[in-house]
Amino acid sequence: GTLTQEESSLNADFVKTWDNSPLNLGFGAELRRETYKIDAGNPPSIEVGPTYAQFGVGSDGFQGFFDDTAGSWDSDSWAAYVDLETDITDQLSGAVALRYEDYDEFGDTLDWKVSGRYDFTDNFALRATANTGFRAPSPGQVHTLNVTTTADSAGNLIPSGTYPVDSPVAQVLGSSSLDPEESTSYTAGIVWTPGDRLSITVDYYNISIDKRLALSSNTVNQQNVDDLNDLGYPDAELLLDSNANYFVNGFDTEVSGVDLAITTWHDIAGGTLTTDMRHNHNKQEISGVKANAIGKDRVFDLENQVPEDSSVITFDYARNAFNGLVRVNYYGDWETTPGLFGDGTASKANTYNYGSTVMVDLEASYTFAEHYTVTLGGQNIFDEYPDNEGDGTLQFLGDRYAVTSPFGFNGAFWYARVSASF
């Protein structure tokens with residue numbers, strides 16, 4: 001069978017300004033349709049074969065889509081927005097935006113954004129923003145059906161299925177209709193330009209997202225099989241002890257952090273050297289976890305898999321037709337569990353710590369005849385790798401380096417590029 005995702009939208013955006021006023025008015029509307037399709041698999045992919053007791057119904061590895069699960073589902077919505085920006089005084093500027101959205105399946109919402117900036121001097125300012133957000137579940141998340149054969153932590157082959165929330169399998173396990181995710185975010189920071197060749201910005205941010213979508217993982221027991229038989233579900237016995245997943249509004253997240261940016265400009269040897277340093281410190285916290293939504297190991301991964309500190313320092317030198325770049329990337333340490341191959345806890349014995357890494361990128365380009373540019377460069381030119389994978393099962397499966405590395409595990413990458421612009 002096949003899965004198809006289609007998206008189409010029609011937008012109209014308008015901007016209005018006035019010669020004798022600092023007011024800027026933006027407004028517009030959008031029509032959007034999202035379509036998710038499931039086409040049935042061919043007969044052998046869904047038949048009960050002679051090895052179904054060992055490998056499940058249908059084709060091994062990936063089961064076909066049954067005729068009664070095939071279909072096409074649409075999600076229609078429309079939205080309208082208005083955005084006002086103006087200078088309130090010589091030192092204070094502000095903006096207000098409203099966006100109304102109406103979804104066929106999930107109702108309507110009104111989201112807003114308010115931002116402001118106050119310039120104490122020509123070189124120093126404070127800025128802040130607050131806004132709300134909304135994300136409706138996609139038709140794929142509502143109607144997805146996917147059954148595969150996988151291995152558990154003991155190496156046993158088991159069917160693992162993801163079912164629509166309104167399917168009998170999900171309903172006997174306790175599924176309910178999905179709600180949209182909702183967010184609230186705040187930022188506040190300073191903008192300081194102490195000189196013509198130095199710019200500094202520091203911003204704090206906080207983003208809260210409620211009712212995050214997650215896959216609820218469940219094991220089908222005998223009572224669930226009996227309930228499915230009562231509903232007339234075909235071959236319910238074949239699902240006993242299998243893994244059944246469905247989407248739920250499973251947990252809330254809060255991410256907070258600080259972004260620092262320092263940029264300088266220097267005249268060197270007839271050219272200009274621009275240095276740009278960016279540093280991010282962040283922390284994510286998980287709360288409101290529903291039963292069977294995400295386990296303690298997944299909570300640990302969400303809170304610890306991304307380094308709390310990361311930095312990028314870029315040196316960009318331009319002189320006439322030549323341009324050269326050196327970029328230094330820093331990733332702090334991080335922790336993770338083995339995921340599927342762990343014991344489902346966040347105990348010390350089930351977590352691994354990986355150290356920080358510094359990587360260097362290099363690029364040089366030359367433009368000739370005004371239109372043509374030749375570029376040579378490399379990413380991670382010193383061929384840095386993350387620490388070795390700590391989990392024994394993943395090592396046995398052939399993973400040498402940490403599979404959750406935030407910067408990958410492919411080592412150095414070199415390239416040459418020729419481009420033309422007219």
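**Terms first.** I call a residue buried when its relative accessible area is under 20%, exposed when over 50%, and partly exposed in between. I also note that this is a predicted model.

**Entry: strands 1 and 2.** Strand 1 covers residues 2-18 and strand 2 covers residues 21-39. The two pair in the antiparallel sense, over 17 bridges. They form a hairpin, with two residues between them. I picked Gln 5 and looked for its bridge partner, which is Tyr 36 in strand 2.

Entry: I searched the whole structure and got 16 salt bridges. One of these features joins the side chains of Glu 6 and Lys 37, at 3.3 Å from N to O. Which parts does the pair tie together? Glu 6 lies in strand 1 and Lys 37 in strand 2, so the pair links parts that are 31 residues apart in sequence. Then I checked accessibility. Glu 6 has a relative accessible area of 35%, so I logged Glu 6 as partly exposed. Lys 37 is at 28%, so Lys 37 counts as partly exposed too.

**Entry: two further pairs.** The side chains of Glu 34 and Arg 32 meet in a salt bridge at 4.0 Å, N to O. Is Glu 34 buried or exposed? Glu 34 counts as buried, at 13% relative accessibility. Arg 32 is partly exposed, at 29%. I then turned to Arg 99 and Glu 101, whose side chains form a salt bridge at 3.2 Å, N to O. Arg 99 is partly exposed, with a relative accessible area of 29%. Glu 101 is buried, at 11%. I also found a network: salt bridges with shared partners join Glu 7, Arg 32 and Glu 34.

**Entry: a nonpolar patch.** Next I looked at the surface. A nonpolar patch there has about 740 Å² of accessible area together. Its members include Phe 14, Phe 27, Val 82, Leu 98 and Trp 112. Strand 3 (71-87), strand 4 (92-103) and strand 5 (107-119) each supply at least two residues. Which strand gives the largest share? Strand 5 does, with three residues. I checked Leu 98, which lies in strand 4. Leu 98 is partly exposed, at 38% relative accessible area.

**Entry: helix 5.** Last, I went to residues 296-304, which make up helix 5. Buried there are Asp 297, Val 299, Phe 300, Asp 301, Leu 302 and Asn 304. What covers them? The cover includes strand 11 (243-268), strand 12 (271-287) and strand 15 (334-336).

Methods:
Residues are numbered from 1 along each chain as its sequence is written. This is a predicted model: local features need pLDDT of at least 70, side-chain atom pairs count only at pLDDT 80 or more; totals for chains, interfaces and linings use all residues. Side-chain values use heavy atoms; hydrogens and water are left out. Patches are made of residues with over 30% relative accessible area and no salt bridge: like charges are joined within 9 Å, nonpolar side chains (Val, Leu, Ile, Met, Phe, Trp, Tyr) within 5 Å. Accessible areas come from the Shrake-Rupley method with a 1.4 Å probe; for residues, only the protein chains shown count as cover. Helices (H or I, at least four residues) and strands (E, at least two) are DSSP runs, numbered from the N terminus. Buried means under 20% relative accessible area, exposed over 50%, partly exposed in between (1.4 Å probe, protein chains only). Two strands pair if DSSP finds at least two bridges between them. Contact means heavy atoms within 4.5 Å.
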